[in-house]
Amino acid sequence: MNSSYTKLVENLDYLKLTQMVTHLDETIDFMNNNQLSFVDTLMKLTDYEIDMKEINMMKSMVRVAAFPHHKEVKDFDFSFQPSVNKKQILDFTSLRFIERKENIVFLGSSGVGKTHLATSIGIAAAKKRTSTYFIKCNDLILNLKKAKLENRLENRLKHYAKYKLLIVDEIGYLPINADDAKLFFQLIDLRYEEKSTIITTNSNFKAWGDIFQDPKIANAILDRVLHHATVINIVGDSYRLKDHIKSEK
Ligand SMILES: Nc1ncnc2c1ncn2[C@@H]1O[C@H](COP(=O)(O)OP(=O)(O)OP(=O)(O)O)[C@@H](O)[C@H]1O
Ligand SMILES: [Mg+2]
C-alpha cells in the first residue's frame, strides 16, 4: 500500500468516518472498473457514511420513544382480528394523521391488540424521525404529580406536549382522582389541535366519568381527544387467550 493510501485511512479514522474506511477498497475498485469521476466516487463513498448515520438516527429515535416492545404492523395477524381494518392501520403508518394533528383511540377489551397496534404506528413514526414517546397513563400521571410537588409542572407539561406523537397506553385500567385528572386534562389541552395523541383504553367513553372521578373533567378531556380522532373499536377475542379459546372450540 502506498503512503497516501495509508494516510487517507488515518485521516478517515481521525474524522471517525468508519463507513468510508470500510468501503474504501471496494469504492476504489468500482471507480477504476467504471471510470468514475472524482466527484462521483466521493459521492458514492460519502453515501455509505450517510446511510449508516440515518440508520443510527432511526434506531435512536425508536430507543428514545420507550416502546414496551418492538412489534410492528407486519407482526399483527389481521385474520385473527377481523374487526381491525388493515388498510386503515397501514394508512396510519403513512403518518398523514400526524401532519393533520389528528388523534387515534384504540378501544377494546384485554388482549385484542391495542398496545401492539399503537406501538406499530409509533415505530413507523419514530423510524421516519417523528419525535414519539410511549407512556402508560398511570406513569404519565405519576410523573406529572411528582413534577407538581417539585414545582416544575409547567416544564414537565411542556416536555410531554412537545412530542409530535404521544402514545398514552391503558387509560381506564386504574382510577384517577379528580386532581390527577386535571393534570391529564392540562396535557391534553396543550396538545389539542397542535400534536397527535394515540390513546388505548378498555373502557367505553360513557365510563370515563367514573375513571376520572369527575364527569366534567372527563368530558373536557374526551371532547378534545375525540374532536379530530379516529376511534378503532376492536371487537374480538384476546390474542393472549387464543390457544385456550381454540382448545375449547
Ligand atoms: N392480531 C394479533 N396478531 C399478532 N399478535 C397479537 C395480535 N393481537 C395481539 N397480539 C399480541 O398479543 C399480546 C397482547 O396484545 P396487546 O398487548 O396489544 O393487547 P391489548 O389490547 O393492549 O390488551 P390490554 O388491554 O390487556 O393491555 C401482545 O403480545 C401482542 O403482540
Ligand atoms: Mg395494552
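Lys127 counts as partly exposed, at 30% relative accessibility, where buried means under 20% relative accessible area, exposed over 50%, and partly exposed in between (1.4 Å probe, protein chains only). The model is predicted, so that local features need pLDDT of at least 70 and side-chain atom pairs count only at pLDDT 80 or more, whereas totals for chains, interfaces and linings use all residues. Residues are numbered from 1 along each chain as its sequence is written, chains are lettered from A and ligands numbered from 1 in the order in which they are written, and side-chain values use heavy atoms, with hydrogens and water left out.

The side chain of Lys127 meets that of Glu72 in a salt bridge, at 3.2 Å from N to O; a salt bridge is a side-chain nitrogen of Lys or Arg within 4 Å of a carboxyl oxygen of Asp or Glu. This pair links distant parts of the chain, 55 residues apart: Glu72 belongs to the loop between helix H4 (38-64) and helix H5 (86-92), and Lys127 to helix H7 (residues 114-127). Helices (H or I, at least four residues) and strands (E, at least two) are DSSP runs, numbered from the N terminus. Glu72 counts as buried, with 17% relative accessibility.

In total, the structure holds eleven salt bridges. Another of them is formed by Lys145 and Asp180, whose closest N and O atoms are 3.2 Å apart. Lys145 lies in helix H8 (residues 137-149) and Asp180 in helix H10 (residues 178-191), so the pair ties together parts that are 35 residues apart in sequence. Asp180 counts as buried at 9% relative accessibility, while Lys145 counts as partly exposed at 34%. A further salt bridge joins the side chains of Lys146 and Glu150 (3.6 Å, N to O). Lys146 is partly exposed at 45% relative accessibility, and Glu150 is partly exposed at 39%. Together with Arg152, Lys146 and Glu150 are linked in a network of salt bridges.

Ligand 1 sits in the largest pocket. On a 1 Å grid over the protein atoms alone, a pocket is an open set of points with protein on both sides within 12 Å along at least five of seven lines, in contrast to a cavity, where a 1.4 Å probe fits but cannot get out; lining residues have an atom within 4 Å of a point. A molecule sits in a pocket if more than half of its atoms lie within 2 Å of its grid points. Of the 16 residues around ligand 1, Lys71, Ser110, Lys114, His116 and Tyr173 come nearest, a residue being near if one of its heavy atoms lies within 4 Å. Helix H7 gives the most to this shell, with three residues. An oxygen atom of ligand 1 is 2.9 Å from an N or O atom in the side chain of Arg240. A backbone N or O atom of Gly113 lies 3.1 Å from an oxygen atom of the ligand. Taken alone, ligand 1 exposes 630 Å², of which the protein buries 89%; such areas come from the Shrake-Rupley method with a 1.4 Å probe.

Lys16 is exposed, with a relative accessible area of 65%. For Glu170 the positive phi is about 65°; Glu170 lies in strand E3 (residues 165-171) and is partly exposed, with a relative accessible area of 26%.

Methods:
Polar contact = N/O pair within 3.5 Å; in protein donor to acceptor, adjacent residues only side chain to side chain.
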